Amino acid sequence: MMKTLGLAALLATSATMALAQAKTLTPGQEVDMVLLPKFLGILVFDQAHEGAQEAHAELQNPGELLFQGPTPENSVAGQIEIMTTAGTQGVGAVMLSNNAGDQIVPAAQAAAESGTKIVTWDSPIPNGEGESVFIAQVDFEETGRVMADMAHEIMGGEGQFAVLSASPDAANQNAWIASLESVLASDEKYANLELVETVYGNDQSEESYNRALALVDSHPDLKLIMAPTTVGIQAAAKAMQDEGLCEQVKVSGLGLPAEMASYSLNGCAPQFALWDFRDLGYLTYQVAYGLATGQLTGEEGETFVAGRMGEYTIEADPGREGAKRVLMGPFTVYTAENVEAAAN
Amino acid sequence: MTRLSPGTLRILALLLVLVLVGAFFASQIDNYLNARLFNRISSSVAIVALIACGQTLVILTRNIDLSLGAIVGFSAYATGALVTTAPDLHPILLALGSLAIGAGFGLVNGLLVAYAGVPSIIVTLAAMAIFRSALVEFSGAQSITTDDLPQWLVDFPNLPLFTVAGLQFRAAFVAAVVIVVLVHLALTRLRPARALYAVGSNPDAAEMAGIDARRTVLAAFVAAGALAGLAGLFFLARFGNITVVAGLGFELKSIAAAVLGGVSINGGSGSVIGALIGAVLVDLIENSLVRWDVVSEFWREAVLGLLILSAVTADALLMRRLTRLRIRREKAAAPATKEATP
């Protein structure tokens, strides 16, 4: 239903913009690009890098694609520093998965003023300042619905559950949790699901593991831990398995099939979801290249062809007023049936 | 009545603080005091205790090691990679491997501090960043997952060895306590280990007494590194999923544990048993704060800091009072002995 409506709206918009044709990007133009993840050393960011490399080769950009990120303990300051440096060096585009909240804004604005295009992916700049466009992996509203549906199914429609998030500053995590809360409140279907607490494991195995156990201790009737982070969901599943709690407390959220396969198969995490990070890196690169070479203007309603992934449109971001996004989607929901195939 | 040594007094004071903290949270949190709490604390103390023990050795020599967290992370990842490629590796060899990796890093720190004369806070601050970056480079963004590990390793931390009054004593915790006790025995009984105290309380006097201060400091860093390396193996076994953030923040936690445990930051005084209890205390506070509704997520770190500060202050005041009490009692007893001598 929602999809048909969305499609109709899309058709309507493209019809009003008489003959708005999808722009095809001309390859071979030289522009230096920086891919800036939250921090180095996490598998999903490396997958995004692979996707960007694929697009870099395909678009035959003679310039450089640099994968630069801070070390984990220095994420916020490191991101700001790399952003500042990229701006002063006149890099064509910075592709940012923001972990610094609005603290990145001054650096991003300075870079943007000196001509560097800031394209965010995975996690946007919350107030949208300094950012050209955000490549949204999935609709943030849809994330809430997918999580609510998984919770509904695993818990049999009723009971208490809790959220185990990454850091309290992560814009994407907070938007997903907010959307989960609004979905829960708006639909009668979820009336008997009670979200009792949200805790933060800061994307560290150890902290996430301990937080998951603390949740079980604090809420004796807890039936599910929902972790919209790949580190958190794995740590929570391991904690439940180690303490023999899988029968009582299930784990769900956003996870990597390769890391979650065993927990899906043994029933600790019957369902979880994710999107393809390689595709996300690929699409982000296409947009950043288009903007940096001046082939895309970044206006709302602009339609373009992103290589093998097909046509996309720049649109207003419903979650952030005044900001723009390109929506990738969709989710894949993994269960014991399909997780093994995806893990390899 | 046999007189208690200052060290024993300190341990007793710490245990008292531990009981008070436990009692406070028990009054605040439902279903608090139970076997589960013991499992939670003991399982995570198994890792921190080893690091705090190593940190204590370094602090005793008037130095500090900020790189221990990074060493834990590197060792966790490297031993994970090792056991993934060679799943049949004997557990003892794997443990030795983790010790060697940690000792190697400790050697770098120790040489720079002891022989190049660079202050330890600077050496290990730089080392913390360098070791962590080395891990980022070494890992190539791949993470170690539980599926890659042999079953015995995954089972080890949660293996119940024996049960006392319904409390499970699990393998990793027992192993960590045994190691701390062994280090304690070495520090109190062995001459070379006593040198750590001598160098820490008065380096010049130690030199005069024929102690090689440089070698002693080097040894402290190597031992601390080795213990952190072993803690890395424990970390791997417990959490399974190792990314480059593994062990982040353990350096500060270990310092907090040591200081809470009565190890003087000025060197020369303190015990690893104290550091062990300090580790329990830090973990108890942390674990309980997570479940205490009054404190929000954003204030927890601040409250933890405040509690540590007050615990250390309370401990210092208590110790001063006890020492004063003893001096007074000794003075009162002194004339009597004098009269008895002639």
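Modeller: A strand is a DSSP run of E with at least two residues. Val199(A) sits in such a run, strand β8, residues 193-200 of chain A. Keep in mind that this whole model is predicted.

Colleague: Why is Val199(A) called buried?

Modeller: Count C-beta atoms. A buried residue needs 20 or more others within 10 Å of its own. Val199(A) has 22 within that distance, so it is buried.

Colleague: What makes Val199(A) and Ala162(A) a contact?

Modeller: Their C-beta atoms must lie within 7 Å, the cut-off for a contact. Val199(A) and Ala162(A) pass, and Val199(A) is also in contact with Leu164(A), Arg211(A), Leu215(A) and Glu297(B), leaving aside neighbours within four places in sequence.

Colleague: Turn to chain B. How do you know that Ser288(B) is buried?

Modeller: The cut-off is again 20 or more C-beta atoms within 10 Å. Ser288(B) has 23, so it counts as buried. Its place is in helix α12 of chain B.

Colleague: Which residues does Ser288(B) touch, beyond those up to four places away in sequence?

Modeller: Phe25(B) and Ile29(B). Gln28(B) is 260 residues away from Ser288(B) in sequence, yet their C-alpha atoms are 9.5 Å apart.

Colleague: What makes a set of residues a nonpolar core?

Modeller: The members are buried Ala, Val, Leu, Ile, Met, Phe, Trp, Tyr or Cys, joined through C-beta atoms within 7 Å. The largest such core here has 212 residues. Among those with the most contacts inside it are Val94(A), Ile225(A), Ala49(B) and Leu276(B). Helix α10 of chain B, residues 213-239, gives the most to this core, with 19 residues.

Colleague: Why do you say that this core lies between domain 1 and domain 2 of chain A?

Modeller: Both domains give residues to it, so it lies between them.

Colleague: Which residues are in contact with Leu276(B), leaving aside neighbours within four places in sequence?

Modeller: Ala49(B), Ala52(B), Cys53(B), Val180(B) and Gly261(B).

Colleague: Where do the two domains of chain A run?

Modeller: Domain 1 covers 20-137 and 276-329, and domain 2 covers 140-274. Their centres, taken over C-alpha atoms, are 29 Å apart. In all, 12 residues of domain 1 are in contact with nine residues of domain 2 in chain A. On the domain 1 side, six of these residues are nonpolar, five are polar and one is charged.

Colleague: How do you know that the size of chain A agrees with a compact globule?

Modeller: Set the value against the rule. For 344 residues, a compact globule would have a radius of gyration near 20 Å; chain A has 20 Å, which agrees. Along its principal axes, its C-alpha trace spans about 60 × 45 × 35 Å. Of its residues, 55% count as buried. Chain A has 11 helices and 15 strands.

Colleague: And what makes chain B count as compact?

Modeller: For 342 residues the globule rule gives 20 Å; chain B has 21 Å, which is close, so chain B is as compact as a globular protein of that length. Its C-alpha atoms fill a box of roughly 75 × 55 × 40 Å along the principal axes. Of its residues, 47% count as buried. Its secondary structure comes to 13 helices and two strands.

Colleague: How many residues of chain B are in contact with chain A?

Modeller: 29 residues of chain B meet 32 of chain A. Helices α2, α5 and α12 of chain B each give two or more residues to this side. The largest share, five residues, comes from α5(B). By class, the side has 10 nonpolar, 13 polar and six charged residues.

Colleague: Which parts of chain B are listed as "transmembrane region"?

Modeller: An unreviewed UniProt entry lists several spans under that name, including 92-114 and 217-236 of chain B. In the model, residues 92-114 are 100% helix, with end C-alpha atoms 31 Å apart. Residues 217-236 are also 100% helix, and their end C-alpha atoms lie 29 Å apart.

Key: Residues numbered from 1 in each chain as written. Chains lettered and ligands numbered in written order. Predicted model: local features only at pLDDT ≥ 70, side-chain atom pairs only at ≥ 80, totals over all residues. Buried ≥ 20, exposed ≤ 12 C-beta atoms within 10 Å, placed from the backbone. Helix = DSSP H or I, 4+ residues; strand = E, 2+ residues; numbered from the N terminus. Domains from an automatic or database assignment. Contact = placed C-beta atoms within 7 Å. Nonpolar A, V, L, I, M, F, W, Y, C, P; charged D, E, K, R; others polar. Rg over C-alpha atoms; globule rule 2.2 N^0.38 Å. UniProt positions renumbered as here; feature names shortened; annotations may be inferred.
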